[in-house]
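Thanks for coming, everyone. I'd like to walk you through one model today, so let me put it up on the screen and we'll go from there.

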Amino acid sequence: MKRIILILFGIFATMLISCYSFHGASIPPNIRSFSIDMFQNRATMVNPVLSLEITDGLRDHITSRSNLVEISGSGDIEISGEITGYTLMPMAAQADAQAALQRFTISIRVNFANNVTPADSFTQSFSVYRDFDSTIDFAFVEENLMREIVEQLINDVFMRAFANW
C-alpha cells in the first residue's frame, strides 16, 4: 500500500513539475520555444543601451526561469515591443518652489503572441519609476536607477506572460 501511494505521489509530482516552474511561471508542457525581437527605442529621450538591456534582460529572465528554448524565427511564444517613454520629471515642490524629488520613469509596450493558445496573447504597456533627491545630478544616478527599473519591468512582463495574473 505504501508503495502504491509513493508511486502515485511520484507521478503527481512529475506532472506538477512539468507544468509549473518554481519561479511563479505556469507554462503548459506543449509550449517549448520562444523568440524575442529587439525592443525598438521610440522614446523622446533615448538612452543608447536601453533597448539592448531590456531585450537581453527579458531573454535571460525567460531562459533562466523556464524550460523554454529560444529559437530564431517564430517560436511557440513570440515577444516584441518598444520603449515608449524615458522621462525625468520634477516632483514634490519645496517652499522655495524647487522640486525636492525627481521622478525617473521608463515605459514599454509589449506584444506577447502565444502561437499555441492565441487567447493568451496580449499587448500591454508597462511603466516603472524611481524617485530620487533633486540635489543629486541625474547623470550620477541614471545607470543604477535604469538597471533597477529594467529589472522590475522584466519581472512584470514575465509575470504577466507566464504567471497568468
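This is a predicted model: local features need pLDDT of at least 70, side-chain atom pairs count only at pLDDT 80 or more; totals for chains, interfaces and linings use all residues.

**Rings first, then the rest**

By buried I mean under 20% relative accessible area, while exposed is over 50% and partly exposed is in between, with a 1.4 Å probe and protein chains only. The rings of F112 and F162 have centres 5.7 Å apart and planes at 85 degrees, so this pair is edge-to-face. For the ring terms: Phe, Tyr and Trp rings (for Trp, the six-membered one) pair if their centres lie within 6.5 Å, and planes under 30 degrees apart are stacked, over 60 edge-to-face, and the rest tilted. This pair ties together distant parts of the chain, with F112 in strand β5 and F162 in helix α3, 50 residues apart. F112 is buried, at a relative accessible area of 4%, and F162 is buried too, with a relative accessible area of 4%.

Residues are numbered from 1 along each chain as its sequence is written, and side-chain values use heavy atoms, with hydrogens and water left out.

How many aromatic pairs does the structure hold? Six. One of them is Y86 with F104: the ring centres are 4.9 Å apart and the planes sit at 80 degrees, so that's edge-to-face. Here, too, distant parts of the chain are linked, Y86 being in strand β4 and F104 in strand β5, 18 residues apart. Ring pairs also join Y86, F104, F132 and F138 into a cluster.

Some rings have a charge over them, meaning NZ of Lys or CZ of Arg within 6 Å of the ring centre and within 35 degrees of the ring normal. R103 has its charged end over the ring of Y129, 3.7 Å from the centre. R160 lies over the face of F122, 4.0 Å from the ring centre.

**The overall layout**

Zooming out, the chain has three helices and six strands. Those are DSSP runs numbered from the N terminus, helices being H or I with at least four residues and strands E with at least two. Reading from the N terminus, the order is α-β-β-α-β-β-β-β-α. Of the 165 residues in the chain, 35% are buried. Among contacts with a separation of 6 or more, 66% are between residues 24 or more positions apart, a contact being heavy atoms within 4.5 Å.

**The core**

Which residues have the most contacts inside the largest nonpolar core? They are I79, F104, I106, I108 and F162, in a core of 36 residues. At least two core residues each come from β1, α2 (50-65), β4 (77-93), β5, β6 (122-133) and α3. The largest share, 12 residues, is from α3. A nonpolar core here is a set of buried Ala, Val, Leu, Ile, Met, Phe, Trp, Tyr and Cys residues joined through side-chain atoms within 4.5 Å. In soluble globular proteins, nonpolar side chains tend to be buried together. As for I108, its contacts beyond four places in sequence include F39, I54, I83, F126, L153 and V157.

Is S35 buried or exposed? S35 counts as buried, because its relative accessibility is 5%. S35 lies in strand β1 (residues 33-36), and past its neighbours within four places it touches I71, G73, S74, G75, I77, E78 and I79. Q102, in strand β5 (residues 99-114), is buried at 18%. Its contacts, leaving out residues up to four places away, include M89, P90, R130 and F132. E143, in helix α3 (residues 138-162), is partly exposed, since its relative accessible area is 48%.

On to pLDDT, the predictor's confidence in each residue from 0 to 100. The chain averages 86, and 79% of residues score at least 70. Confidence is lowest in helix α1 (residues 2-19), at a mean of 49, and highest in β6, at 97. Over residues 12-23 the pLDDT is below 50, and beyond near neighbours in sequence this stretch makes 14 contacts in the model.
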